[in-house]
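Hi everyone, thanks for coming. Let me put the chain up on the screen, and then we can walk through it together.

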Amino acid sequence: MQKNTASWSCMEMDCLVEIFMKLNLDDLSLAVPFVCKSWFVAASHPLCWRKLDFRRLDLLPWSAFSKSFALRHSLHYFSFTYFLKLAVGRSFKSVTELKFPLKFASMDDLVFSSNECPKLKSVALPTLSTDDEVMISELVCNWKDLERLEMESRPLNFPELVKKMSIYCKKISEIAVSGEVREEDAAAIASYLPKLKKLDLSDSYLTKKDLFVIVRGCRELDELNVNGCFGFEEDDKEIKSKVSGIRNFKSQGCKLYCEDAYEFCDWWDEYPQLNGYVF
């Protein structure tokens, strides 16, 4: 029987692209493009760069990836901004999912992405300073197709952000955010985003009263995650009754207040805006 000696390099371009679409960013940027010319062409196809998950990578300056990337691209040192522009550029404005690294991304990187990724459906933002967080409400105005927004902490102008999303992001159905959920924040969610399907407020300060405001306002919630929240007990019977219509309600580890002083201090330090709040 004659052996099949066909090379992977001779595969149809569509097949290569279909395979490379499943690869992580490290393989797309450091491995397959340097195998042969056909692989380079396939790995540069916009379809391979529609989903950008930078959180899977170790972007520390001394990591193996960062060193290899800088060497491959003739850089003196690794630059996340350079990598982001390379990835977005290869997508030809077709990025639909973007997960920023928790660190290393600047506000300039976010503004660039807001302008160059108009088809975004899902965004996970990095950890931002208090001053930078308030700019999120301007970024979302360019994301008309946005369906999911994930933030590491609640911006001080959260009600304004929610209002902007109700105007510019008509398809928004999922939000994930942690922090102090104030009365005005809960009211904004209920008033401006009544058609939310999934809401993740885990590890936040949230009173039972404000939880009920959200539940009453967002009648179409299919999933509500309040795991690890302070402000009510995990086994509160009234809450169980109020959320009975939500298919997937998560409240594991919720407490009325923090019993561990050290744990409370760590949690308190994460949310300086709570200073002066009376529990």
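Accessible areas here come from the Shrake-Rupley method with a 1.4 Å probe, and for residues only the protein chains shown count as cover. On that basis, the accessible surface of the chain comes to about 15200 Å², and carbon and sulfur atoms hold 52% of that.

A word on what you are looking at: this is a predicted model, where local features need pLDDT of at least 70, side-chain atom pairs count only at pLDDT 80 or more, and totals for chains, interfaces and linings use all residues. Residues are numbered from 1 along each chain as its sequence is written, and side-chain values use heavy atoms, with hydrogens and water left out.

So, how much of the chain is buried? Of the 279 residues, 45% are buried, where buried means under 20% relative accessible area, exposed over 50%, and partly exposed in between, with a 1.4 Å probe and protein chains only.

The chain has 13 helices and 8 strands. These are DSSP runs numbered from the N terminus, with at least four residues for helices (H or I) and at least two for strands (E).

Now the sheet. It is open, with 8 strands in the order E1-E2-E3-E4-E5-E6-E7-E8 and parallel pairing; two strands pair if DSSP finds at least two bridges between them. Strand E1 (51-53) and strand E8 (248-250) are at the edges with a single partner strand each, so one side of each has no neighbour in the sheet. From one strand to the next, the twist averages 5°. Axes are lines fitted to C-alpha atoms, for helices over the stretch in contact, and angles run from 0 to 180 degrees between N-to-C directions.

Let's zoom in on one pair. Strand E4 (residues 148-150) and strand E5 (residues 174-176) run parallel and are joined by 3 bridges. Glu150 sits opposite Ala176 in E5.

Next, two helices. H5 (residues 80-91) packs against H6 (residues 107-116) at about 5°, with the axes 11 Å apart. The two are therefore roughly parallel, the term for angles under 35 degrees. Phe80, Thr81, Leu84, Lys85 and Val88 of H5 make the contact with Asp109, Phe112, Ser113 and Glu116 of H6, contact meaning heavy atoms within 4.5 Å.

Last stop: where is Arg219? Arg219 lies in the loop between helix H11 (208-217) and strand E7 (223-225). Its relative accessibility is 68%, so Arg219 counts as exposed. Arg219 and Gly245 are 26 residues apart in sequence, and their C-alpha atoms are 8.6 Å apart in space.

Technical notes:
Parallel < 35°, antiparallel > 145°, perpendicular 65-115°, else oblique.
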